Structures are given as C-alpha cells and as structure tokens.
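Please look over the structure shown here together with its sequence.

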Amino acid sequence: MPGLGARLGRGGATTFQQSLADSDCIVIMGSNMAENHPVGFRFVMMAKEKGAKLIHIDPRFTRTSALCDIHVPLRAGSDIAFLGGLINYVLNHDRWNSDDFFQTYVRHYTNATAIIDENFRDTEDLGGLFSGYDPDSRSYDTSSWKYSGEGLHSSPVDHESHTGEAHVTGSKDTVSDNSEFDLTMQHPRSVMQILRKHFARYTPDMVAEICGIPKELFIKVAETIIENSGRDKTTAFCYAVAWTQHTTGSQMIGCCAILQLLLGNIGRPGGGILALRGHATIQGSTDIPTLYNLLPGYLPMPSSETDEDQTLSGYIAHYQTQTGWWYNLPKYIISLLKAYYGDNATAQNDYAYDLLPQIGGDYSFEAMIPLMRDGVMRGLFCFGQNPAVGGQNARLARRALASLDWLVVRDVHEIETASFWYASPEVKRGEIRPEEIPTEVFLLPAALPPEKDGSFTNTQRLVQWHDKAVDPPDDARSETWFLYHLGRRLKELYAGDDSLKGRQILALTWNYSTEGHLQEPKAEDILYEINGYRVEDRKLLESFEDIKDDGSTACGCWIYCGITPDYGVNRARNRDADDKASLGWGFSWPANRRILYNRASADPQGKPWSERKKWVWWDESQKKWVGYDIPDFPVNKDPSYTPPKDAKGVDAHSGDSPFIMMSDGKGWLFTPKGMKDGPLPTHYEPKESPYPNLLYPDHPVNPCAILFERPDNPYHAIEDPAFPHILTTYRLTEHHTAGGMTRWVPWLAELQPEGFVEISPELAREIGVVTGDWVVLSTARGEIESRVLVTARLQPIVRDGRRIHQIGMPWHFGYGGLARGASANDLSALIEDPNSRIHEAKSFTCNIRKGRLDRR
C-alpha cells in the first residue's frame, strides 16, 4: 500500500498479528476486525485481557465496536480529518513536546529535521492545492517538494498495493551533501514546522464538525492514544479496505504512518500498523504480482513510454537508488531474468531483457472495463474474480463482458461472470438479447485449496504451506496445472517461430516436473525457483544477500529468498510458535522478520527503550544486533556508525537510520516524492458527498483522483439534492468477497440467505418502512431493490441543523447462487485513488425510497 511504502519503505504490515497481544492500546479504523478477521482478532482480545484499551472508529456499530472501550461513529469518508486532528493534537500536547522519548525518536528516526525547498507551497497557502499542480493534466510536478539543496527521491517502487497500481518514481537521486537539516526542527521550512502548519486547522472543533462526532469523544481518543504511547507503552493501528477504498485511501494510510512515527510506535512490539488483508493470499498476489505494472518483489515493470526502460542499463539507471537497499536492484532484476529465461539470458544479450514485456498504459482492473466495452480489449482470463457483480459500476462491467470475443472463467461455481450472457438483470429485463452477445464463454472448473499443494501469504507477510488432501474431482484442475499446461502448449505452438512473440514464449524456462495421473506440476519445484539458486550447480540460495548481478544466480522473487534454503527444506511448513516472535511458524518475508524497521525498537545508542518493550538491541560484546526477532538492519552495523562521503547502498545510512528501504534511512513525515496527490495527507471529500469541504471549499475533492468521465459512468455533484444520502459498503462474516465461494454453499446461505440494506430508525420513519420491507436504492449509474434492515447501528450525521443519513450495504450478493440479492456495485462508479488505482466504494451518495423496481 502506497501510504506505507512511500513513508516507511515497504507497503506490507509493519508488525504481526501475535504482537497485538503486547499492545497497550489498539485502534481499529477502516476495519470490522472481529467479524472480518476473527482469527487475528483473538490477539486483540488477549491484549484486552491484559488491560489494553480498544478503540473502534467506524460509521457502523458492529461486533468489533461492542468489544471495544470506545466507539467513534465518524462520517464515512472523513477519516483524514480525524487522523489529521490526532496529529495536530499530538504536536500541541505538553507531554509530546516535553517527553525525551518522542523528541529523540522523531529527531533520529524521521525526516523531521530536513528542510524543504524554498519553492514549496502548502495547501494552507494555495487553498487546498500544493505547489506544482497542473489543472489540465490534473497532476503535480513534484520538483518543489524536494529537500532544500538537492533532489532526493524515494525508492524505485514507492509502494505496494493489494488491488491496484504501484507508482514508480524513476529516480536515481539520493541525499546529496548539499541537503539542509535543522536538528532543532525550528526552521520554518523544516519538515516539522511544515507538518505543524499543515495540520494546524485540524482542531478538535473542526474534526467534530467534519466527522459528525462530539468533540469530547475525539479528545478522549487522542488522550488515550498519547497515554498509551511512549518509552514503555505502544499503540497499534489495524486497518483494512475501509481505508483503501477511497479516492484518498493511500493518504489515509499515510496519515496513520505519520501519527505512528510521531508517537514512536513503528518498529516496536505492540505497535506499528497492521494492514489486514481480505483473504488468504492477497498479500502473496502482490508479492509475486497479479498487478499489471509490477514484477516479483516489487520491481518496476518496464514501460514502453519511457526511453530509459528500453535497455537493461537504462532500466537500472532509471530505477536504482544510490543509497538505501534499492541500490541492490541490479541483482534482483538480473537474477529474475535468469529465472525467467535461463540459458537464454546471458550478459551478451543483456539477460534477454528485450524479451521482457513492457506496459504502455493503464491496465488496472477498473481501466479494463471501458477497454472491454469499447472493443480495445478482445479477450479476458478471469481467475478468482467476479466482475459481473464484484466490479465497480457492475452494470457497465456486464456490458463490457458482452463486448468481448472470448472470456475464460475459472471458478468452482458458475458465478455471475460466467452466466452474465443469459442470467444478468439486463437479459431478464430484455435490455440485452443473449443471441446478440458475441462473447464466447469458457467455464473451466477450478480446484479448491485442499485439492492442491501450495502456499498462502497472509496479512502479516507470513507464508504458510498447505498440502493436497485429495485430487480435484472430474475435470477440475488447479491454477498451477492450468497455467503450466497452457504454457507448455503455447511453447509447442510457437516452435520454430522467430518472431518477437515467438521468441518471448520459447525463451521462457518451463521445465517443471509433474506428478500423478493429472500431471500436476510440483508446487515445491516452483517454490525453489522463487527462492533462487546458483546457476552453475542449482544449489539453493540461503538469503537474498546471496543474490548476484553477474548472471550467476537466478531468483524468481528476491523477498522470498531463504524460504527454501536447501532441497527438502520448506520453511513455509514450519509450525513451531513457542518463541516470542513466532519465528518458527511459517516464513515471513523478508528474511523471516516479524516486525519491520525493528532497529527503531532500540534507542539511537542501540539500547532498548525500556525493558518492557525490548525487541532487538545492540550487543556490544558480540558487535552485532540481537534480540527476539531477525534484525531488519545490517546485523553488524554499529549504532555509532557514520557513513563515509562516497558510501553506497545501506552503507550510506548512519547507525541510527532504521528504514533501510528509504534513500536516507528515515521514516518520512513529509514525502518529497512517491505520492501523486501531495507530500502530506489532506482532507478532501469523497468524489460524491452531501457536504462541502469545510477546510478547502475551492477544492472539495482529491484534485488528482483518476476519473472515467463517460456517459455510462456519470458522477454526482457535491451536495447533489437528488442523491442526499451516504452509501457505504461492507462485508459479512458468512460470505466472502463477491460471493463466488460462499453463496453456493448451503450452510452459509442459510446463515445469510439474502442481501439487505441497513438504515437507521430515523431514515426508516422518513421513508415509511420497517424491517423486511422492500426499498429501491438509486444512483446515476442505476437502481436496485433490496430488503431493508432497520437498526440503530448506523446513526445519521447532524451538522448545521441538517441531518444526513448513512446507509450500509453488504457487497457480497448477486443474482446467482443460493443466497441472492442485489449487487451494491450496480450503484458504484468507476473512479480511483491516483496512487493505488483502488476504487471508492466506502462513501458515495445515493437516494432511497420505499417500494420495488418496475419489472415491465
């Protein structure tokens, strides 16, 4: 996720779920953890049993809220105002300004002392915009955001995202000797003073008005967090997709990172930020990516639109940083090419770099929908996704599917994406005739997890192996089987073809062994390739520090290196959790580290901040870092180390610089580069909101949000009277994502048999309904009908004597399966966060009325 990556160096969770049991306070915001992540929530309950304070900040009162000490029913989409208010409150708190721990942590471990270029202008100066904004392109020139005296940029891949784009900076610059710093943090252009100025208007009164909550409740939360952070206490934050699914989602998460850096909670046990992934291997699907613009291990995908990317040397010059861990990028890209192309990749041919595909535009999920609809994209493979009801503006998505030549759906049931051509609402209403749909649909049965070997990488970067229990039935096959045999047949088809396309396919290494009557590829053979090996003798690598840039090593994903240090040794199988960091359970990338940036768990001299919160520390007698975890730091680097002038890579970082992936080794309170919509989080309203922006009325919404302005994807105006209510989507425990794996299961369908809409008693009285009645929800994209559930769990927001209602709707349902209901995504719009390319489904506007749709 970009909000973490751009400020800390990696987008993965900074901590692990078991560490929550050591928290003194846990804030769950952007998640209903008790219902959607119940296995991990047990560690929250362990913390509560030991006296930790639990805070839930969410528009709905849920089972998570019921188990917390404080529930804050903020308005959906106002999260940055709340978090920004916390930052402002912390910066002005007597304890924070007088406590040596906070001041030392921030001065040594963040870029608070850096001085920003004199041309930088903040939103407070420009009414809601930062300097460098171009209204024609709706984007920023970030040159005025840099450090004064030089051109600092962030790591080559600024962030990781579990459903969207990774932004590539394209910088080889580092901190120069001309960079200016002020250790007192008093210079008016220091990051600390810019931060204070930026958030000064986020007062408790302003937060209360924007978020629709009592001021006293906000102050209670702020005091609780400050009280439970410091030398001897730590506070953790947990979030999920209710933060990511906004046009400002990346900045929400970045706002949390700023707060946790200010409070000294990053890199410490019981602290950090836990990014809760939605299901079993969402994390794994970005590590070894299904994203269109990433290579494994978060290496940038070359772009056909970038001149430097046309050669390997240009690619390396473009993305390698001279300081920080990404100095090692040449090792990772060359070893990846060796894994891809084997003997066909040599130094003489630039390791077959010319065969590596390049991207030439936006091929994120939402962008694919208009590409299909407009006939640009002619075919689609659909694995484990259900865009007919799970994609934004699902009515447009179904029409897009109906424009394809061919569609391959691999799933365990005939999901809506496979049946759109005969069973969609448009067909049933006669809007589309099946005989006029040109799409040829191939539904191929998929194997379930117990029917195949493989791994899941879960919410805390933890890789766990699962073994096949039985063969899949009949013609069902695993994804591994399908892709391997498809690739094998393609290589046969292109045999002797010397075209670029033919050479791309024929050069691929594709020699995995198979087993059983199904000829299933051996999953652990693939894991060996991912781990990496020496080319000369196929000896497996023990660590990513063994990876070379001379073609002598091959590695399919550098961050997973070490997961199989020898043949027959699969650390993902480990099941010993007796040690404090659970190092014996599975394998957590990178290098089995459980808490990232854990150098920050010790003070600048390498001593634990306190005995109670010790994690890793410097052992002077051994001259190495030791502790309960694998140090996320060069193990022999002395805390007093000062880099020489010409040092490269992490050797250019001082001994008190914990954030090894960053160019300067510091956590970034201010991002000179890496975020497309500003160096600091800013409160913007959702694209569709019933409220004006009280902070920046001239720029009410994210000025860089990715829009799809077309007749079949209309947007509502701010304060549109035709759509006065806020709609937010959420998940249920009993169903999973778009329902493909759960709505066909009888016992789950029995528990949650039908879709519904959740409204407050006040709204129910206004439209004249009771629980069980039918209602119609409408947006400019379409209308749906659903049963209504009247509950006090969603409260209206009252501001300036005006009452605004919030409506909740689960997004799992569709027209197929046993448990059916209207799709919430029939109402949503195509629109994206500019950093992650993730949609905005957690806050948009709608109308509601009693009754049913006219079926004529």
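What follows is a report on selected local features of this predicted model.

## Helix H9 and its surroundings

Helix H9, which spans residues 191–198, is mostly covered, with 6 of its 8 residues buried. The buried residues are Val 191, Met 192, Gln 193, Ile 194, Leu 195 and His 198. These buried residues pack against helix H5 (79–91), helix H6 (94–98), helix H7 (100–109), helix H8 (123–126) and helix H13 (249–262).

## Packing of H5 with H13

Two of the helices against which the buried residues of H9 pack, H5 and H13, also pack against one another, their axes coming within 9 Å and crossing at roughly 15 degrees. Because that angle is under the 35 degrees below which helices count as roughly parallel, H5 is described as roughly parallel to H13. The crossing of the two helices is left-handed.

On the H5 side, the residues that meet H13 are Asp 79, Ile 80, Leu 83, Gly 84, Leu 86, Ile 87, Val 90 and Leu 91, and their counterparts in H13 are Gln 251, Met 252, Cys 255, Cys 256, Ile 258, Leu 259 and Leu 262. Sorted by class, the contact of H5 with H13 has 12 nonpolar, 2 polar and 1 charged residues.

## Packing of H10 with H11

Helix H10 (residues 204–211) packs with helix H11 (residues 215–227) at an angle of about 115 degrees, and the axes of the two helices are 8 Å apart. The crossing of H10 and H11 is right-handed.

In this pair, Pro 204, Asp 205, Val 207 and Ala 208 of H10 meet Lys 215, Phe 218 and Ile 219 of H11. The contact of H10 with H11 has, by class, 5 nonpolar, no polar and 2 charged residues.

Asn 570 lies in the loop between S18 and S19, and because its relative accessibility is 5%, Asn 570 counts as buried. The side chain of Asn 570 is joined to that of Glu 524 by a polar contact of 2.9 Å, while a polar atom of the Asn 570 side chain also lies 3.0 Å from the backbone nitrogen of Ala 572. When residues up to four places away in sequence are not counted, Asn 570 touches Trp 465, Glu 524, Leu 527, Ile 563 and Thr 564.

Ser 582 is likewise placed in the loop between strand S18 (553–554) and strand S19 (587–588). Ser 582 counts as buried because its relative accessibility is 5%. Not counting residues up to four places away in sequence, Ser 582 touches Phe 16, Gln 18, Ala 577 and Arg 594.

## Glu 520 and Ser 478

Glu 520 lies in strand S16, which comprises residues 520–521, and with a relative accessibility of 14% Glu 520 counts as buried. Although Glu 520 and Ser 478 are 42 residues apart in sequence, they are 8.2 Å apart in space, taken from C-alpha to C-alpha. The side chains of Glu 520 and Ser 478 make a polar contact of 2.5 Å.

Leaving aside neighbours within four places in sequence, the contacts of Glu 520 are with Ser 478, Thr 480, Trp 481, Ser 513, Thr 514 and Glu 515.

## Backbone geometry

Most residues other than glycine have a negative phi, and most peptide bonds are trans. Against that background, Met 185 has a positive phi of about 60 degrees although it is not a glycine. Met 185 is found in the loop between strand S5 (139–140) and H9, and with a relative accessible area of 4% Met 185 is buried.

Asp 474, also not a glycine, has a positive phi of about 50 degrees and lies in the loop between strand S14 (462–466) and helix H22 (479–493). Whereas Met 185 is buried, Asp 474 counts as exposed at 73% relative accessibility. A further feature of the backbone is the cis peptide bond that joins Trp 589 and Pro 590, for which omega is about -5 degrees. Pro 590 has its place in the loop between S19 and strand S20 (616–619).

Notes:
Residues numbered from 1 in each chain as written. Predicted model: local features only at pLDDT ≥ 70, side-chain atom pairs only at ≥ 80, totals over all residues. Heavy atoms only, no water. Buried < 20%, exposed > 50% of the residue type's maximum accessible area, 1.4 Å probe, protein only. Helix = DSSP H or I, 4+ residues; strand = E, 2+ residues; numbered from the N terminus. Contact = heavy atoms within 4.5 Å. Polar contact = N/O pair within 3.5 Å; in protein donor to acceptor, adjacent residues only side chain to side chain. Axes fitted to C-alpha atoms, helices over the stretch in contact; angles between N-to-C directions. Parallel < 35°, antiparallel > 145°, perpendicular 65-115°, else oblique. Left-handed = near helix turned anticlockwise from the far one by under 90°. Nonpolar A, V, L, I, M, F, W, Y, C, P; charged D, E, K, R; others polar.
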